[in-house]
Amino acid sequence: MAFQKAVKVTALAGGGILATFYGLSQLSQHRRKQSRLAYVEALEQVTMPFCNELPSRQAQLSALQDTEEFDILVIGGGATGSGCALDAVTRNLKTALVERSDFSSGTSSRSTKLIHGGVRYLQKAIMKLDYEQYMMVKEALHERANLLEIAPHLSAPLPIMLPVYSWWQLPYYWVGIKMYDLVAGAECLKRSYVLSKKKALELFPMLKRDKLVGAIVYYDGQHNDARMNLAIALTAARYGAVTANYTEVVHLLKRADLQTGKERVCGARCRDIISGQKFDVRAKCVINATGPFTDSLRKMDNERNPSICQPSAGVHVVMPGYYSPDNMGLLDPATSDGRVIFFLPWEKMTIAGTTDSPTEITAQPIPTEEDINFILTEVRNYLSSDVEVRRGDVLAAWSGIRPLVTDPNSKDTQSICRNHIVDISESGLVTIAGGKWTTYRSMAQETLDAAIKAHQLPAGPCRTVGLTLEGGKDWTPTLYIRLVQDYGLEVEVAQHLAATYGGRAFEVAKMAQVTGQRWPIVGKRLVSEFPYIEGEVRYAMKEYACTAIDVLARRTRLGFLNVQAADEALPRIVYIMGKQLGWSEQKKQEELKAARMFLHQEMGYKARSEQLTNTTEISLNSSEVDRYKKRFHTFDKGNKGFITTVDVQQVLESISVQIDENTLHEILNEVDLNKNGQVELNEFLQLMSAVRKGRVSDSRLAILMKTVEETLEQRGPVSVDRSGGGL
């Protein structure tokens with residue numbers, strides 16, 4: 001009864017405000033019609049010279065060197081830079097794009113994976129009567145609809161629940177979310193709705209039920225950010241843009257203007273990082289789209305240029321999929337320090353984040369233990385006490401640097417608007433800075449409009465609205481069924497390929513190797529618990545992957561999902577790439593080392609491994625110590641004080657279980673803290689103490705020894721599962 005009254009009061013209170021915003025949203029339907037007309041125009045007026053096979057990276061480098069002058073040279077291969085290249089080339093401008101690392105290697109691959117207008121920005125717009133913020137949200141919602149349409153395989157609507165724990169909050173949040181719907185207008189994905197407490201718990205059973213009043217569900221978009229960025233860059237390449245990753249700018253080229261005598265930027269001196277070769281790339285206009293590194297290129301143009309970006313670090317963590325429903329996210333609108341935390345299903349895992357704090361600019365941002373624990377604490381506040389949120393369940397963690405536009409009146413980065421600016425220096429360098437992932441396309445359009453006007457370039461109108469991205473053309477929701485039927489792939493693998501490569505999935509399937517099994521017929525997995533297959537490594541090199549990190553982090557997302565699984569897949573990835581690219585043994589070892597450093601530092605493996613060290617305190621009571629000693633001595637028959645792979649193998653043979661020697665070495669090495677080839681009693685007790693505290697939750701040795709002990713007592717079957725728990 002109380003819930004029904006609250007809903008009625010909510011409707012009455014919000015009606016007047018909603019009516020006001022309704023009038024502001026009527027242009028949406030008209031803009032959608034314009035988008036479709038633009039799409040038709042794009043198809044008619046733009047040719048795609050590389051429909052079938054992309055030029056090789058070497059061919060792209062040769063084109064950079066051999067072309068006398070480009071119309072546009074874009075520096076930066078993130079979402080915005082790739083968007084600028086696609087916009088330029090589809091206006092029939094001769095376009096080049098260089099990126100010093102890999103496409104999407106920076107901020108664009110480390111987002112919250114949402115395509116959204118920004119609920120909290122709309123709140124600020126209303127509370128502060130800020131028309132600029134309102135228009136930013138409106139623009140983002142338009143771009144959200146466009147992105148979901150042009151890359152349907154990489155993106156989809158996602159319902160997000162906003163739990164309500166006070167009756168007065170229900171009308172407040174309901175009005176705000178309904179305004180979000182109305183601002184989207186005809187481009188609203190699905191209408192938001194209110195849930196009772198009972199229904200909210202049915203849809204999100206992990207939710208804390210104490211004092212829960214109800215919930216509001218609204219819709220935003222979700223995507224695979226790195227693959228989306230790559231799709232934009234590859235689409236630009238197919239339309240004829242000369243794109244090259246691992247190509248850094250050494251310095252800008254300048255020449256004197258014949259009319260004014262002033263120096264004008266006319267290109268860049270570049271270096272191929274892989275070969276070390278240097279060469280000049282000349283262009284009528286150079287666009288700086290380097291994200292957090294915007295100011296470094298601006299100062300390369302003129303060292304007196306003031307800094308215009310203020311970097312902010314956002315940390316995310318990935319946890320097992322059982323922490324959230326398969327198709328329902330969660331929004332914490334007011335954390336303990338005023339930030340917003342999202343808790344979302346992604347790639348069958350759960351992603352939580354983000355933090356928002358000032359940081360130094362670096363190419364290798366590292367997630368801190370402090371930020372990881374902050375996120376876990378906030379997650380605990382919203383989940384049921386039945387769900388133990390364990391530090392050991394953090395499978396990966398990363399930090400991304402947001403290139404926020406500096407507001408000189410702001411005291412902290414949280415209040416900085418994620419809007420963008422387009423700046424043209426005296427020498428003609430065009431800089432695009434700030435903004436959001438969702439609005440990359442409109443930012444690129446505004447940048448190209450400004451560049452064309454400033455440099456008087458002969459170009460047509462923007463044609464990227466409705467322009468389908470790589471893989472989107474032939475994708476259908478049932479495409480995966482054809483992959484299963486035509487190639488004999490596992491259903492999970494086929495679904496993954498369809499959702500990652502869209503219509504290009506068949507090209508990947510053709511590269512999949514025969515398994516030698518009855519089923520699946522083709523498609524050897526890199527690791528058993530993820531649907532990534534070896535054929536994707538081979539195809540990745542056609543998508544300009546040059547290093548093992550490119551495959552782990554951006555062609556597949558394994559490094560972002562589970563660092564331990566990524567580490568296990570790494571040797572096979574290096575072997576496949578080495579065979580195809582002709583790597584020497586030394587090069588293979590360098591790739592292994594670099595990729596492991598990446599996982600260790602940037603993907604949170606270091607923070608994860610530090611949960612169990614040789615200084616870990618043993619916090620067990622006497623009965624627990626006795627129980628774990630007994631378990632240990634089941635394997636240490638000679639009371640040596642340590643166990644080796646031989647000891648474990650002998651016990652397993654006694655119960656008719658076989659595990660290959662390499663796997664056993666890996667299992668023991670996870671716990672062998674002093675790396676002497678054996679696990680000592682003290683190390684085992686440290687492990688079990690960490691398990692009891694929740695700091696370690698997926699130790700294969702702990703699970704193995706517990707299972708063997710129970711089997712010896714019951715003489716039943718044994719099962720070893722690295723993803724188990726409950727020790």
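The model is predicted: local features need pLDDT of at least 70, side-chain atom pairs count only at pLDDT 80 or more, and totals for chains, interfaces and linings use all residues. Residues are numbered from 1 along each chain as its sequence is written, and side-chain values use heavy atoms, without hydrogens or water.

**Exercise 1.** Describe how α4 packs on α9.

Solution. 
- Step 1, geometry: the two axes come within 8 Å and cross at roughly 25°. Axes are lines fitted to C-alpha atoms over the stretch in contact, with angles from 0 to 180 degrees between N-to-C directions.
- Step 2, hand: α4 passes α9 in a left-handed crossing (the near helix is turned anticlockwise from the far one by less than a right angle; clockwise is right-handed).
- Step 3, residues: A79, S82, G83, A85, L86 and V89 of α4 meet N229, I232, A233, T235 and A236 of α9, where contact means heavy atoms within 4.5 Å.
- Step 4, classes: seven of these residues are nonpolar, four polar and none charged. Ala, Val, Leu, Ile, Met, Phe, Trp, Tyr, Cys and Pro count as nonpolar, Asp, Glu, Lys and Arg as charged, and the others, Gly among them, as polar.

**Exercise 2.** Describe how α4 packs on α12.

Solution. 
- Step 1, geometry: the axes of α4 (residues 79-89) and α12 (residues 440-455) come within 8 Å and cross at roughly 55°. That angle makes α4 oblique to α12.
- Step 2, hand: this crossing of α4 and α12 is right-handed.
- Step 3, residues: α4 contributes A79, T80, G83, C84, D87 and A88, and α12 contributes Y440, M443, A444, Q445, T447 and L448.
- Step 4, classes: the contact has seven nonpolar residues, four polar and one charged.

**Exercise 3.** Characterise the largest cavity.

Solution. 
- Step 1, search: the whole structure holds four cavities of 30 Å³ or more. A cavity is a set of points on a 1 Å grid over the protein atoms alone where a 1.4 Å probe fits but cannot get out, and lining residues have an atom within 4 Å of a point.
- Step 2, volume: the largest cavity has about 70 Å³, taken as the space filled by probe spheres set on the points.
- Step 3, lining: α9 (225-238) and α14 (491-501) each give two or more residues, and α9 has the largest share, three residues.
- Step 4, classes: the lining has five nonpolar, three polar and four charged residues.

Methods:
Helix = DSSP H or I, 4+ residues; strand = E, 2+ residues; numbered from the N terminus. Parallel < 35°, antiparallel > 145°, perpendicular 65-115°, else oblique. 1 Å grid on protein atoms, 1.4 Å probe; cavity = no way out; pocket = protein on both sides within 12 Å on 5 of 7 lines; lining within 4 Å.
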